[in-house]
Amino acid sequence: MINIEKLQAFGADTQTGLARCMNKEDFYLKLIGMGLKETRFEELGTALEAKNLEKAFELCHSLKGVIGNLALDPLYKEICEMTELLRAKTDTDYTGIYKKIMDMRAELLAM
Amino acid sequence: MKSIKGLFDHTVLIVDDEITNREMLANILADEYKVIMASDGKEALEKIREYGSRLSLVLLDLLMPNMSGFDVLKELKEKGISSEIPVIVLTSEKSSEIESLHLGAADFLTKPYDLPEVILARVRHSIELFENARLIHATQYDKLTGFYNPKYFFEFASQFDERYPAEKMDALVINFTRFHLLNELNGQEFGDKVLNAMADGIRGVLIRNRGIAARRDSDVFYVYVTHLEDYGIFIDAMKTAFSPLLKGSEIRLRLGAYFDSDRSHTIKERFDHALQACNSIRNKGGNNGEEICIYDKEMIEKDKFDAHLLHDFEAALEQKQFKVNYQPKFNIKGDKPVLCSCEALIRWIHPELGFVRPDLFIPLFEENGLVTILDRYVWEESARQIRKWKEELGVTIPVSVNVSRVDLADPDMTNFITKIVKENGLSPKDYMLEVTESAYTDNQKHIIEVVKNLRSLGHKVEMDDFGSGYSSLNMLTSMPIDALKMDKAFIRNIKPGNKDMKLVELVLEIAKSLEVPVVAEGVETEDEYKMLKAAGCDIIQGYYFSKPIPPEEMEKFV
């Protein structure tokens with residue numbers, strides 16, 4: 001079961017995340033569940049495979065907003081990096097960074 | 001700090017395609033606001049349409065599928081909604097801020113979100129700012145024309161004067177003469193169109209010349225503008241704006257101007273002068289192409305003269321400088337004219353100015369209400385005089401006194417007259433009242449009531465200056481009167497069989513059918529007297545028989 005301590009161990013800035021949720025812990029954890037279950041994570045993978053960088057940017061940008069608000073900092077940092085690469089339409093291999101993002105998401109979902 | 005609830009609930013619309021973001025914001029706002037949500041631009045526009053002015057604020061994400069936040073902003077701007085409802089943009093991109101601002105966004109919230117206190121403060125601030133702006137707009141501007149209300153107009157003009165003391169400025173007052181006729185004949189909607197056309201004409205000139213405008217009292221416009229050599233551009237611009245609505249002959253514009261290069265008068269005084277100049281066009285008759293009048297030396301002199309008279313009024317009363325003279329009225333029905341009554345007329349013998357004509361001081365005292373004091377003085381003097389004649393000459397000479405519209409508005413008027421009639425032991429039928437025709441058109445219902453009451457007490461009421469105003473024939477039947485006093489303008493040019501004489505005969509016919517006698521005023525010659533007698537006129541007043549005379553000279557007519 002996910003909790004504040006586990007999130008802190010992951011590196012989340014739970015103090016800020018909680019503050020944004022008016023310090024309602026249950027609500028914060030509920031939103032984290034909702035954010036992590038976003039199908040955009042999978043859709044992002046599909047767009048990258050199809051080399052649809054524009055679509056990938058939109059999806060990544062959306063995830064950035066959600067994960068940023070949830071203060072899941074390590075995951076947010078990776079998503080930000082990917083967003084900037086996609087914004088610049090950088091022709092690179094996104095496999096590594098996408099895997100990193102998905103692994104972190106899996107780690108959080110497994111809590 | 002939470003703000004007090006106030007009168008209205010505040011509803012905030014959150015627009016974001018991410019449910020997590022929407023929920024997080026809704027949770028922050030829920031304590032203070034009613035929150036509704038939309039997940040894309042299209043849904044947002046539907047909600048904005050549905051809620052209209054009940055919506056206090058929109059929190060808008062920019063990057064959304066289907067319809068972006070930018071497209072929503074564009075739509076709101078086009079429809080003028082973003083000036084009514086504040087929109088705060090939610091963005092993580094600095095670069096989006098300028099574009100959003102151009103599109104009418106009121107503020108920004110960054111992503112990831114700031115602390116709830118910051119968000120709440122910015123939401124509160126935007127709502128308050130817009131509500132205040134709406135309130136100020138409602139009180140600051142005239143709803144119909146979009147011009148300033150007079151209060152704000154004077155405030156801005158004063159501020160302008162302070163900042164630009166050397167700028168040469170004109171105070172203008174523009175008016176549509178007898179505008180109420182347009183409303184009466186064509187309806188208020190049409191009248192409003194005409195007023196808007198006036199405003200458009202003025203606005204057209206102010207686009208090219210620095211200035212501001214206000215609307216006052218329906219059809220009076222104030223304009224404060226950098227000095228112009230030719231004020232005709234305003235008249236021309238308004239005439240052009242009127243062209244789809246009015247024929248040239250229906251346009252009755254007046255413009256009064258005051259130019260004060262050294263700003264020796266306050267802004268209000270300058271507009272008073274401009275108004276005076278504007279009104280002087282009407283007083284001169286107006287419609288003969290005189291549309292512009294500039295406040296000039298003659299008016300300055302008139303102002304000074306008026307101020308002198310006003311200053312001296314009280315002393316004049318105390319020192320009995322006001323004299324009541326009496327102009328006899330003769331009944332000409334029989335073989336010989338017989339004195340039947342007289343009209344009390346005021347004279348002012350001023351110690352410095354000499355004889356001051358009543359037309360110079362009566363309108364002035366009517367303006368500021370002093371006329372009621374003066375009228376009561378005349379009424380009392382007249383009542384005393386009737387008694388005195390009775391005692392000295394052994395006859396009762398009825399007197400008619402003038403009653404102004406200001407007197408008629410005084411609820412104590414009838415009591416006062418009753419009191420003086422009683423004090424002097426008079427019969428009410430010997431104390432007559434002359435009410436000018438134009439007074440009847442002012443507040444007909446009230447005046448008819450007062451007159452009915454006076455008649456029920458036994459007084460006779462004459463309608464003065466009949467034919468000089470705008471009373472309709474229809475109105476005559478509903479007016480309680482005992483005599484018609486035909487205005488002297490009717491008599492001035494009568495010749496046997498000419499149009500003027502036919503008009504006089506018509507008035508006599510009307511009076512006959514109403515069963516009231518006619519008093520012809522201003523009769524000066526024997527010819528006039530004979531023609532009027534032949535036409536069936538009942539009573540004559542004028543220099544032909546006698547000018548107004550001091551009471552002691554009345555004996556010769558008894």
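Helix 5 of chain A contributes four residues to the lining of the largest cavity, the most of any element; helices here are DSSP runs (H or I, at least four residues), numbered from the N terminus. The model is predicted, so local features need pLDDT of at least 70 and side-chain atom pairs pLDDT 80 or more, while totals for chains, interfaces and linings use all residues. Residues are numbered from 1 along each chain as its sequence is written, chains are lettered from A in the order in which they are written, and side-chain values use heavy atoms, with hydrogens and water left out.

The largest cavity holds about 80 Å³ of space. A cavity is a set of points on a 1 Å grid over the protein atoms alone where a 1.4 Å probe fits but cannot get out, and lining residues have an atom within 4 Å of a point; the volume is the space filled by probe spheres set on the points, which are joined across faces, edges and corners.

Turning to the interface, 21 residues of chain A and 18 residues of chain B take part in the contact (heavy atoms within 4.5 Å). Between chain A and chain B, two salt bridges are counted (a side-chain nitrogen of Lys or Arg within 4 Å of a carboxyl oxygen of Asp or Glu). Arg40(A) pairs with Glu18(B) in a salt bridge, with 2.7 Å between the closest N and O atoms.

Key. 1 Å grid on protein atoms, 1.4 Å probe; cavity = no way out; pocket = protein on both sides within 12 Å on 5 of 7 lines; lining within 4 Å. Helix = DSSP H or I, 4+ residues; strand = E, 2+ residues; numbered from the N terminus.
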